[in-house]
Amino acid sequence: MARRAHHYHVYVVELAAAVWREPSFRKANPDYLFARPFVYVGMTGLDPDLRFDRHKAGIQANRFVRDYGLRLLPPLYEVYNPMPYEGAREMEVELAIGLREAGYAVWQA
C-alpha cells in the first residue's frame, strides 16, 4: 500500500525558444533575461517519460509542451521522485518557483 502512495512525480520539460513568441508565456516570465532554458514544470502519477509522450501526442496535453517540448530534463527533478500526491502537488509549485528564481522561464499549469 505504501508503494502505491508514492508513485507521483514532478518533471521538467525543456521548451523550444519559439515559445517566447507566446504572449502568455512572456507575461508569466517578466524578469527572464535569456540566461537559462525555457521549461514546463508538471506533476504526474505516470512515469515522466510516458507523461511527456502523452503531451507530445496531444493526450491531456499542455499546449506549450505539445507544440514546443524538446526533452525531459531529469537532472532538475529526479532527486524528488517518487513521492506521495500531496508532496508532488507542493513540489511542482516549489520547483517552478525555484527554477524561475534561478533564471529559467517557466510555465507551470
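1. Start with a helix on the sheet. Helix α3 lies across β1, β2 and β3. Against β3, α3 runs at about 175°. Helix α5 also packs on the sheet, where it touches β1, β2 and β4. The direction of α5 makes about 170° with that of β2. Keep in mind that this is a predicted model.

2. Now the sheet itself. It is open and built from four strands, in the order β3-β1-β2-β4. The pairing is mixed. Which strands stand at the edges? They are β3 and β4 (105–108). Each has a single partner strand, so one side of each is left without a neighbour in the sheet. From one strand to the next, the twist averages 30°.

3. Look at one pair of strands. β1 and β2 run antiparallel, and seven bridges join them.

4. Next, the order of elements along the chain. The protein has five helices and four strands. Read from the N terminus, they run α-β-α-β-α-α-β-α-β. Compare that with the order in the sheet, β3-β1-β2-β4.

5. Overall dimensions come next. The C-alpha atoms fill a box of roughly 45 × 30 × 20 Å along the principal axes. The radius of gyration is 14 Å. A compact globule with 109 residues would have a value near 13 Å, so the protein agrees with that expectation.

6. Burial and contacts deserve a check too. Of the 109 residues, 40% are buried. The protein exposes about 6,300 Å², and carbon and sulfur atoms supply 54% of that area. Take the contacts between residues at least 6 apart in sequence: 73% of them join residues at least 24 apart.

7. Turn to charged side chains. How many salt bridges does a search of the whole structure find? It finds four. One of them pairs Glu22 with Arg63, at 3.1 Å from N to O. Glu22 sits in the loop between β1 (9–15) and α2 (23–28), while Arg63 belongs to helix α4 (residues 63–68), so this pair ties together parts that are 41 residues apart in sequence. Is Glu22 buried or exposed? Glu22 is buried, because its relative accessible area of 15% falls under the 20% cut-off. Arg63 is partly exposed, at 35% relative accessibility.

8. Another salt bridge joins Arg66 and Asp67. Their closest N and O atoms are 2.8 Å apart. Arg66 is partly exposed, with a relative accessible area of 36%. Asp67 is also partly exposed, at 41%.

9. A further salt bridge lies within a helix. Arg89 meets Glu86, with the closest N and O atoms 3.0 Å apart. Both residues lie in α5 (residues 85–101). They are three residues apart, about one turn of the helix. Arg89 is partly exposed, at 39% relative accessible area. Glu86 is partly exposed as well, at 38%.

10. Then the backbone. Most residues other than glycine have a negative phi, and most peptide bonds are trans. Check the exceptions below with that in mind.

11. Where does a cis peptide bond occur? It joins Asn81 and Pro82, with omega at about -15°. Pro82 is in the loop between β3 (69–72) and α5.

12. Phe34 is not a glycine, yet its phi is positive, at about 60°. Its place is the loop between α2 and β2 (38–44). Phe34 counts as exposed, because its relative accessibility of 53% is over the 50% cut-off.

13. Gln60 has a positive phi too, of about 45°, and is not a glycine either. Gln60 is found in the loop between α3 (48–56) and α4. Its relative accessible area is 63%, and it is exposed.

14. Find α3 across β1, β2 and β3. Find the edge strands, β3 and β4. Trace the salt bridge from Glu22 to Arg63. Then inspect the cis bond between Asn81 and Pro82, and the positive phi at Phe34 and at Gln60.

Conventions
Residues are numbered from 1 along each chain as its sequence is written. This is a predicted model: local features need pLDDT of at least 70, side-chain atom pairs count only at pLDDT 80 or more; totals for chains, interfaces and linings use all residues. Side-chain values use heavy atoms; hydrogens and water are left out. Helices (H or I, at least four residues) and strands (E, at least two) are DSSP runs, numbered from the N terminus. Buried means under 20% relative accessible area, exposed over 50%, partly exposed in between (1.4 Å probe, protein chains only). Two strands pair if DSSP finds at least two bridges between them. Axes are lines fitted to C-alpha atoms, for helices over the stretch in contact, and angles run from 0 to 180 degrees between N-to-C directions. Contact means heavy atoms within 4.5 Å. The radius of gyration is taken over C-alpha atoms; the globule rule is 2.2 Å times the number of residues to the power 0.38. Accessible areas come from the Shrake-Rupley method with a 1.4 Å probe; for residues, only the protein chains shown count as cover.
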